[in-house]
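Subject: Structure handover

Hi there,

Here is the structure I promised to pass on to you. Please open it first, and then read my notes below alongside it.

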Protein chains: 2
Amino acid sequence: MHTVSQLQDLFVSGLEQRTRPAEPAGLYEPIDYIMSLGGKRIRPVMAMMSCELFGGRPADAMAAALAVETFHNFTLLHDDIMDEAPLRRGRETVHMRYGVSQGILSGDLMLIMSYKYLMEYPDPELFRALTASLSDAAVKVCEGQQWDMAFEGDGEVTIPDYLRMIEYKTAALLASALEMGALTGGASAADARELYEFGRLLGLAFQLLDDLLDSFGDPQKFGKKVGGDISRNKKTYLYLKAIELADEHTRAQLVDLYSHQQAEDASKISTVKGIFESLEIPAHTRGVIDKYQKEAFSHLEAINVDDSSKKSLRDLAVQLGVREH
Amino acid sequence: MHTVSQLQDLFVSGLEQRTRPAEPAGLYEPIDYIMSLGGKRIRPVMAMMSCELFGGRPADAMAAALAVETFHNFTLLHDDIMDEAPLRRGRETVHMRYGVSQGILSGDLMLIMSYKYLMEYPDPELFRALTASLSDAAVKVCEGQQWDMAFEGDGEVTIPDYLRMIEYKTAALLASALEMGALTGGASAADARELYEFGRLLGLAFQLLDDLLDSFGDPQKFGKKVGGDISRNKKTYLYLKAIELADEHTRAQLVDLYSHQQAEDASKISTVKGIFESLEIPAHTRGVIDKYQKEAFSHLEAINVDDSSKKSLRDLAVQLGVREH
């Protein structure tokens, strides 16, 4: 079994060894650019770990890992165009560097490349199962992005709506990465499905934790500006739960606070955080995260392999900020 | 064997019978919109005809036909964004009607849907062969679009460059539609490849004919404004061949004419057409088209099925303006 950082290194060197067509350069350069921006490579590492869990080698999961990481980066590329984001991982976004048309086209090719990587599996049954997993996650990611954009509008958003959105947009691909890795390692469909559920619930916990830390994290550790979601009026789990629990007066106050966008919003952030705290939203959210974590790990436990070989997946969950209880 | 128009009707009713998820509506509405804009449905008809050639029923090719038509419409949708085109088939383009972000995301989902349609084939070997065909064509379409955009710049374009561009951008998907249809009809890989070649060469002939008619077609029949490529300075086969054949003076004149963009360009169009005619470009182009046509039909002939069953594919070629000689 390899550690998280060993698998990150293995993946990156595998990625670098792949030679893409040199031409047309304008099409492939932006792909190399975004793929080399780095990141934690969580999804490919998950795929490789999941493969190892069933006795496979990381190399067996490499093509699936490339598929899932290329797909993930395709979504980042196109989402950055939709969000008009200037920066990604501290560097220029693809569309800022190469133009919007180029960003659209190179992103399209990345989506196709994700499917093509799976062709490296000669077994047609395995190929079919992997393609099904990728496609199901891919549809969910698009639907999740659609809900996310729709929630920025005026319509009412319920907590189940929100949970479905983050499940589709974030958790489904993590789940698919684990499922695909398991399949490349020779897991049964049932065991691969347990890992899918582990990833799905882990993804939900991870996203809710991200929501919580965005408002209540330690600024030193969180890495992003605390309060960003509040200042952007983002209807996260915290906001939606507060709306549910607040009395009429406080609810009206929250709705009003979330209807303006100001540049200088330190007082808005502290007012909203005060409301969240008075309603015990942080503790409640932590409880929901714990519930998802617990459920996630129960799916990992259900897999009938030596317990020590699950250690690296547990370590990875901890790196995501999600702990077993 | 069904006629072209019977298969068009079969395809459209098959398309209409498919119920897509109702939600999120914002994601699926633009897809329904562009898929219902019509067009000749050449690619799905090709897939169904090719299937029938080997004794299959049109219904056997339906999922492949949906895949190829959905893929084709995805490329139209994203190309329209890149070209900032306001109209498609006389109607608003998707991004004009629903916004650029929505156009990008709905197009992405259409690409994924293309792959998902192929999952309807339960046989894993067939599924794999179909997915390989779609992916190969899909990469070529992106590369062709890249070359097409690159040719708008200042760099020199050779005739082989141009022929590769139209092969990738236009012919590859026609070829794949025929190949996929053949595979769903139970054709051998070799026969499916003959149909691929038939489609590839037919596509080249079709695109060169389109170039020719754009400058020398009958305005009543062509349907588009004659001279559009000339007024947009598009480096088509006609232009590139003229550059190759012209003396130094005429070449400089052509390069100069293609370096300005004017609103009122009737005199430019007639000057360029005069140069093309003096260099016998129309006759030369017609000769190249004939060569591709002949080669295309030789691949159709090579397939060992009853000759009369090839009639509908020949009729379809005629509808594309391409005739057997």
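Predicted model: local features only at pLDDT ≥ 70, side-chain atom pairs only at ≥ 80, totals over all residues.

Now for the overall picture, starting with chain A. You will find 16 helices and 2 strands in chain A. Its C-alpha atoms fill a box of roughly 65 × 50 × 35 Å along the principal axes. A compact globule with 325 residues would have a radius of gyration near 20 Å, and the 20 Å of chain A therefore agrees with that. Of the 325 residues in chain A, 48% count as buried. If you look at contacts in chain A with a separation of 6 or more, 74% of them are between residues 24 or more positions apart.

Next, the two chains together. Chain B is superposed on chain A by a rotation of 180 degrees, with 0.0 Å of shift along the axis and an RMSD of 0.0 Å. The two copies are thus related as by a two-fold rotation axis. To find that axis from chain B, look for B:P124: its C-alpha is the nearest one in chain B, 2.7 Å from the axis. Both copies use the same surface, as 100% of the contact residues of chain B recur in chain A.

What does each chain bring to the contact? Chain B gives 32 residues and chain A gives 32 residues. On the side of chain B that touches chain A, at least two residues come from each of α2, α4 (62-83), α6 and α7 (124-151) of chain B. The largest share of that side is from α7(B), with 16 residues. Sorted by class, the side of chain B that touches chain A holds 20 nonpolar, 7 polar and 5 charged residues.

Finally, a few spots in the backbone to visit:

- A:P24: the peptide bond from A:E23 to A:P24 is cis, with omega near -5 degrees. A:P24 sits in the loop between α1 (4-17) and α2 (25-35) of chain A.
- B:P24: in chain B, the bond from B:E23 to B:P24 is cis, with omega near -5 degrees. B:P24 belongs to the loop between α1 (4-17) and α2 (25-35) of chain B.
- A:E280: this residue is not a glycine, and its phi is positive, near 60 degrees. The loop between α14 (266-278) and α15 (281-301) of chain A holds A:E280. With 14 other C-beta atoms within 10 Å, A:E280 is partly exposed.
- B:E280: phi is positive here, about 60 degrees, although B:E280 is not a glycine. B:E280 lies between α14 (266-278) and α15 (281-301) of chain B, in a loop. B:E280 has 14 other C-beta atoms within 10 Å and is partly exposed.

Enjoy looking around!

Best wishes

Technical notes. Residues numbered from 1 in each chain as written. Chains lettered and ligands numbered in written order. Least-squares fit on C-alpha atoms with pLDDT ≥ 70 in both. Contact = placed C-beta atoms within 7 Å. Helix = DSSP H or I, 4+ residues; strand = E, 2+ residues; numbered from the N terminus. Rg over C-alpha atoms; globule rule 2.2 N^0.38 Å. Buried ≥ 20, exposed ≤ 12 C-beta atoms within 10 Å, placed from the backbone. Nonpolar A, V, L, I, M, F, W, Y, C, P; charged D, E, K, R; others polar.
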